[in-house]
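Please look over the sequence and the model shown here before reading on. The paragraphs below then lead through the structure step by step.

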Amino acid sequence: QVQVVESGGDSVQPGGSLRLSCVASGSIFGTNIMGWYRQAPGKEREMVAIISSRRGTKYADSVQGRFIISRDNAKNTLYLQMNSLKPEDTAVYYCNGLVIWPTSTPVGSWGQGTQVTVSS
């Protein structure tokens with residue numbers, strides 16, 4: 001089982017940028033599909049982006065072109081570069097260390113999440 005710890009959340013103004021990090025430990029394999037998800041108040045958790053070493057990346061339509069997911073297997077770290085942030089990006093962001101492709105279903109354990117707030 002992969003354990004994850006997210007960090008990097010903050011409060012930013014619309015149009016700003018943030019980079020989230022997720023450090024993974026446990027049974028780590030370079031071919032694990034990993035992903036970022038988010039949950040806004042009163043809403044269900046949703047997929048933001050997933051990454052597969054063999055299949056590439058997938059993004060939610062709402063973040064396509066603004067967010068970039070990447071991973072550094074040597075550091076067991078997953079990243080999410082978030083640009084041109086909008087108020088609707090406000091949510092708690094979670095990392096998951098085991099995701100099913102292509103449904104984007106997260107089946108690994110969750111971390112505590114990191115809060116991102118976009119507001120003027």
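Predicted model: local features only at pLDDT ≥ 70, side-chain atom pairs only at ≥ 80, totals over all residues.

Residues are numbered from 1 along each chain as its sequence is written, and side-chain values use heavy atoms, with hydrogens and water left out.

We begin with the strands, which are DSSP runs of E with at least two residues, numbered from the N terminus. Strands of a sheet pair through backbone hydrogen bonds, either parallel or antiparallel; here, two strands are taken to pair if DSSP finds at least two bridges between them.

We turn next to the nonpolar core, meaning a set of buried Ala, Val, Leu, Ile, Met, Phe, Trp, Tyr and Cys residues joined through side-chain atoms within 4.5 Å. A residue is called buried under 20% relative accessible area, exposed over 50%, and partly exposed in between (1.4 Å probe, protein chains only). The largest nonpolar core has 27 residues, of which Trp 36, Leu 80, Met 82 and Tyr 93 touch the most other members. At least two residues of this core come from each of S1, S3, S4, strand S5 (46-52), S7, S8, S9 and strand S12 (114-118), and S3 gives the most, with 4 residues.

Which cysteines does a disulfide join? The structure holds 1 disulfide (a pair of cysteine sulfur atoms within 2.5 Å), and this disulfide joins Cys 22 to Cys 95, with an S to S distance of 2.1 Å. The pair links distant parts of the chain, since Cys 22 is in strand S3 and Cys 95 in strand S9 (residues 91-96), 73 residues apart. Both cysteines, Cys 22 and Cys 95, are buried, and their link is left-handed, with -70 degrees about the S-S bond.

The charged side chains come next. A salt bridge is counted where a side-chain nitrogen of Lys or Arg lies within 4 Å of a carboxyl oxygen of Asp or Glu, and by this rule there are 3 salt bridges. Arg 38 forms a salt bridge with Glu 46, their closest N and O atoms being 2.7 Å apart; Arg 38 counts as buried because its relative accessible area is 6%, whereas Glu 46, at 36% relative accessibility, counts as partly exposed. Arg 38 also meets Asp 89 in a salt bridge (3.0 Å, N to O), and this pair links Asp 89 in the loop between S8 and S9 with Arg 38 in strand S4, 51 residues apart. Asp 89 is buried, at 0% relative accessibility, and has a salt bridge with Arg 66 as well, the closest N and O atoms being 2.8 Å apart. Because Arg 66 lies in the loop between strand S6 (56-59) and S7 and Asp 89 in the loop between S8 and S9, the pair ties together parts that are 23 residues apart in sequence. Arg 66 counts as buried, at 11% relative accessibility, and salt bridges that share partners join Arg 38, Glu 46, Arg 66 and Asp 89 into one network.

The last stop is Asn 32, found in the loop between strand S3 (18-26) and strand S4 (34-39). Asn 32 counts as buried because its relative accessibility is 12%, and its side chain reaches the backbone oxygen of Gly 97 at 3.3 Å.

Definitions and conventions. Polar contact = N/O pair within 3.5 Å; in protein donor to acceptor, adjacent residues only side chain to side chain.
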